[in-house]
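This report looks at a few local features of one protein chain, beginning with a single residue and ending with annotated spans.

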Amino acid sequence: VTVVYKQGLPEITVPLPSRRQKCRFTLRPLGSTVSDFMNSVCREDRGVDHISVCSPDGVRIASSSTIESLLRESFCLTLNNQVYLVEPPSIERLTTEEAETLSDLKVLVAKLYESLTVSEFQLEQERKLLDRLHLVKEEIAPLEQKKQELMSLSGRRTTLLSWLGLGLMGMQFGILARLTWWEYSWDIMEPVTYFITYGTTMAMYAYFVVTRQDYQLPDVRDRQFLISFYKFARRQGMD
């Protein structure tokens with residue numbers, strides 16, 4: 001078993017037991033672990049029944065250890081019943097200044113990659129959202145048309161009720177005027193008009209008790225419009 005470095009990456013050459021040939025595995029010092037290395041060997045050769053990594057004095061090396069820590073010193077690789085002593089080549093360690101420079105370079109590369117890919121990703125997501133919005137608009141177009149028809153019908157009904165209320169008030173005025181100046185006198189009709197006014201006030205207060213809203217004509221009209229709208233919608237089978 002040999003270890004060489006090519007372009008900064010360690011390459012471990014291992015003889016496969018069942019195939020009787022050597023296979024080279026390229027690993028990442030920081031990203032790969034001992035478990036990744038052993039799994040790669042097992043996938044390459046199904047004839048490997050037992051594989052383990054330990055130090056020369058027999059201490060087992062954890063599977064979660066990184067390849068960088070493994071290659072710092074010699075170790076033993078066991079494949080089935082064969083034990084190989086692996087002596088990695090010594091490499092020059094980075095100084096603190098070099099490590100900081102390398103870290104800054106990694107950050108710069110990450111920012112450059114982000115600036116090159118984020119805009120494209122945002123444009124792609126925007127295009128997908130616009131396509132989805134277009135499909136949704138096409139799906140709800142018939143419902144919007146039916147909604148406009150129901151709103152128009154509800155508006156006409158509300159307007160009709162408003163004019164009907166005005167007509168009833170005019171009729172009431174005419175009846176009271178007739179009874180006051182032709183049939184009876186003001187002395188007789190004054191208590192009647194008082195009770196009519198008081199009854200109207202009671203009706204307005206009852207409206208507040210039921211709806212929890214002040215009796216204001218714009219609010220009353222809006223409420224009647226919504227009542228008519230939902231009534232017509234239920235008739236059309238709309239939820």
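## A loop residue and its surroundings

In which loop is Ser 74 found? In this predicted model, Ser 74 belongs to the loop that runs between α2 (67–70) and β5 (75–79).

When neighbours within four places in sequence are left aside, the residues in contact with Ser 74 are Pro 56, Val 86, Glu 87 and Pro 88. For one of these, Val 86, the C-alpha atom lies 5.6 Å from that of Ser 74, although the two residues are 12 residues apart in sequence.

## Annotated transmembrane spans

An unreviewed UniProt entry carries the annotation "transmembrane region" for residues 160–180 and 192–210. In the model, residues 160–180 are 100% helix and 0% strand, with their end C-alpha atoms 30 Å apart; residues 192–210 are likewise 100% helix and 0% strand, and there the end C-alpha atoms lie 27 Å apart.

## A nonpolar surface patch

Leu 161, Leu 164, Leu 168, Met 171 and Ile 175 make up a nonpolar patch on the surface, and together they present about 470 Å² of accessible area. One member of this patch, Ile 175, is located in helix α3, which comprises residues 96–183. Because its relative accessibility is 46%, Ile 175 is classed as partly exposed.

Key. Residues are numbered from 1 along each chain as its sequence is written. This is a predicted model: local features need pLDDT of at least 70, side-chain atom pairs count only at pLDDT 80 or more; totals for chains, interfaces and linings use all residues. Side-chain values use heavy atoms; hydrogens and water are left out. UniProt positions are given in the numbering used here, feature names are shortened, and annotations may be inferred rather than shown by experiment. Helices (H or I, at least four residues) and strands (E, at least two) are DSSP runs, numbered from the N terminus. Patches are made of residues with over 30% relative accessible area and no salt bridge: like charges are joined within 9 Å, nonpolar side chains (Val, Leu, Ile, Met, Phe, Trp, Tyr) within 5 Å. Accessible areas come from the Shrake-Rupley method with a 1.4 Å probe; for residues, only the protein chains shown count as cover. A salt bridge is a side-chain nitrogen of Lys or Arg within 4 Å of a carboxyl oxygen of Asp or Glu. Buried means under 20% relative accessible area, exposed over 50%, partly exposed in between (1.4 Å probe, protein chains only). Contact means heavy atoms within 4.5 Å.
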